[in-house]
Amino acid sequence: MLSSKLAIVTGGGSGIGQEICKKLAASGANLIVADLKKSAAENTAKLLTGSAHTAFEIDVSKLNDVNRLKEFIQNWKTSPSVLVNCAGITKDSTLLKMSQEQWEDVMNVNLNSIFMMSQMVARESVKSKTPLSIVNVSSIVGKIGNFGQTNYAATKAGVIGFTKSAARELATKNVRVNAVLPGFIRTPMTEAMPPKVLESMVSMVPQRRLGEPEEIANAVLFLASDTSSYVTGTTLEVTGGLGM
Ligand SMILES: NC(=O)c1ccc[n+]([C@@H]2O[C@H](COP(=O)([O-])OP(=O)(O)OC[C@H]3O[C@@H](n4cnc5c(N)ncnc54)[C@H](O)[C@@H]3O)[C@@H](O)[C@H]2O)c1
């Protein structure tokens with residue numbers, strides 16, 4: 001499906017991002033596994049089918065780092081066909097207690113990075129006339145909100161608005177832009193939650209279970225590949241029915 005196409009996955013060192021890397025590599029893509037943690041990116045790269053994969057250390061919230069990735073891609077001499085913006089963090093607190101730093105950190109990593117990464121890769125695509133699919137990992141929380149996550153939910157809602165606007169602008173330039181909205185998925189991010197909170201979350205899910213990272217990766221593969229060639233500006237909810 002993605003034979004020899006170059007794909008960048010941010011946050012590829014862990015959880016959902018790692019599973020997306022595996023899925024895209026199994027479909028023939030050559031991966032740039034981009035993550036803040038070099039060892040995590042290297043570990044993912046080693047797990048992938050095929051050999052033309054690279055681990056790239058990057059802080060996606062820093063323009064200098066994004067520019068370093070641009071230079072790296074330009075040296076590669078193949079423009080990416082897929083960009084999956086998956087890197088994300090939480091810094092939870094109720095609104096009344098949230099610090100300015102908690103707000104800004106989450107904005108920088110979850111939303112500002114999507115602007116910088118998407119702009120950089122879309123420019124490369126338009127310049128080289130390489131069709132591109134951008135898949136942004138948002139969250140169902142961006143649609144329905146969540147207690148203690150005003151910062152996180154605002155970024156994930158922002159990702160949806162960004163996705164639809166960019167999709168409109170780039171639709172005639174062979175660039176598709178879509179978003180996946182995961183529900184509660186079994187990853188280090190959710191494993192860090194107190195069991196009681198997790199239990200009460202699962203009880204709200206119509207399918208009464210957490211999702212698996214592979215179930216998100218399947219949706220991302222669909223949006224990343226030509227199987228979804230007439231799909232742009234959409235939000236695909238993968239939530240076991242939560243938030244329908
Ligand atoms: N786990 C869930 O239930 C869930 C639900 C909805 C949405 N999501 C979203 O899915 C994405 C992945 O979540 P996950 O649960 O796999 O998390 P995770 O913590 O397992 O993985 C996140 C990865 O992003 C990397 N990262 C963090 N900050 C970075 C930065 N500044 N630059 C580059 N890399 C950075 C981390 O090193 C890590 O490898 C996130 O965007 C998250 O918001 C997760």
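**Figure 1. Packing of helices α1 and α9 in the predicted model.** Helix α1 and helix α9, the latter spanning residues 213–224, lie at an angle of about 50 degrees. Their axes are 8 Å apart. The handedness of the α1 and α9 crossing is right-handed.

**Figure 2. Helix α1 and its surroundings.** Helix α1 covers residues 15–26 and contains 12 residues. From the first C-alpha to the last, α1 reaches 17 Å, close to the 16 Å expected at 1.5 Å a residue. Because 11 of the 12 residues of α1 are buried, the helix is largely enclosed by the rest of the structure. The buried residues begin with Gly15, Ile16, Gly17 and Gln18, continue through Glu19, Ile20, Cys21 and Lys22, and end with Lys23, Leu24 and Ala25. Just after α1, Gly28 adopts a positive phi of about 105 degrees.

**Figure 3. The shell around the ligand.** There are 29 residues around the ligand, and those that come nearest are Gly11, Ser14, Gly15, Gly88 and Met189. By residue class, the shell comprises 15 nonpolar, 11 polar and three charged residues. Two helices, α1 (15–26) and α7 (188–191), each supply at least two residues of this shell. Gly15, listed with the nearest residues, is also one of the buried residues of α1.

**Figure 4. Thr190 in helix α7.** Thr190 is located in helix α7, a helix that spans residues 188–191. Thr190 has 17 other C-beta atoms within 10 Å and is partly exposed. Along the chain, Thr190 and Leu210 are 20 residues apart, and their C-alpha atoms are separated by 9.4 Å.

**Figure 5. Packing of helices α4 and α6.** Helix α4 comprises residues 100–128 and helix α6 comprises residues 150–170. The axes of α4 and α6 come within 9 Å and cross at roughly 15 degrees. That angle makes α4 roughly parallel to α6, since the class takes in angles under 35 degrees. Helix α4 passes α6 in a right-handed crossing.

Figure 6. Val121 belongs to helix α4 and counts as buried, with 25 C-beta neighbours inside 10 Å. Val121 and Asn110 are 11 residues apart along the chain, and 17 Å separates their C-alpha atoms. Thr163 belongs to helix α6 and is buried, with 25 other C-beta atoms within 10 Å. The C-alpha atoms of Thr163 and Ile114 are separated by 9.4 Å, although these residues are 49 positions apart along the chain.

**Figure 7. Packing of helices α3 and α4.** The axes of α3 and α4 come within 10 Å and cross at roughly 25 degrees. This crossing angle makes α3 roughly parallel to α4. Helix α3 passes α4 in a right-handed crossing.

Figure 8. Lys77 is found in the loop between α3 (63–76) and β4 (82–85). Its phi is near 65 degrees, a positive value in a residue other than glycine. Lys77 has 7 other C-beta atoms within 10 Å and is exposed. Asn174 lies in the loop that runs between α6 and β6 (175–182). Asn174 is not a glycine, yet its phi is positive, at about 65 degrees. With 13 C-beta neighbours inside 10 Å, Asn174 counts as partly exposed.

How values were computed. Residues numbered from 1 in each chain as written. Predicted model: local features only at pLDDT ≥ 70, side-chain atom pairs only at ≥ 80, totals over all residues. Near = placed C-beta within 6 Å. Helix = DSSP H or I, 4+ residues; strand = E, 2+ residues; numbered from the N terminus. Nonpolar A, V, L, I, M, F, W, Y, C, P; charged D, E, K, R; others polar. Expected span 1.5 Å × (residues − 1). Buried ≥ 20, exposed ≤ 12 C-beta atoms within 10 Å, placed from the backbone. Axes fitted to C-alpha atoms, helices over the stretch in contact; angles between N-to-C directions. Parallel < 35°, antiparallel > 145°, perpendicular 65-115°, else oblique. Left-handed = near helix turned anticlockwise from the far one by under 90°.
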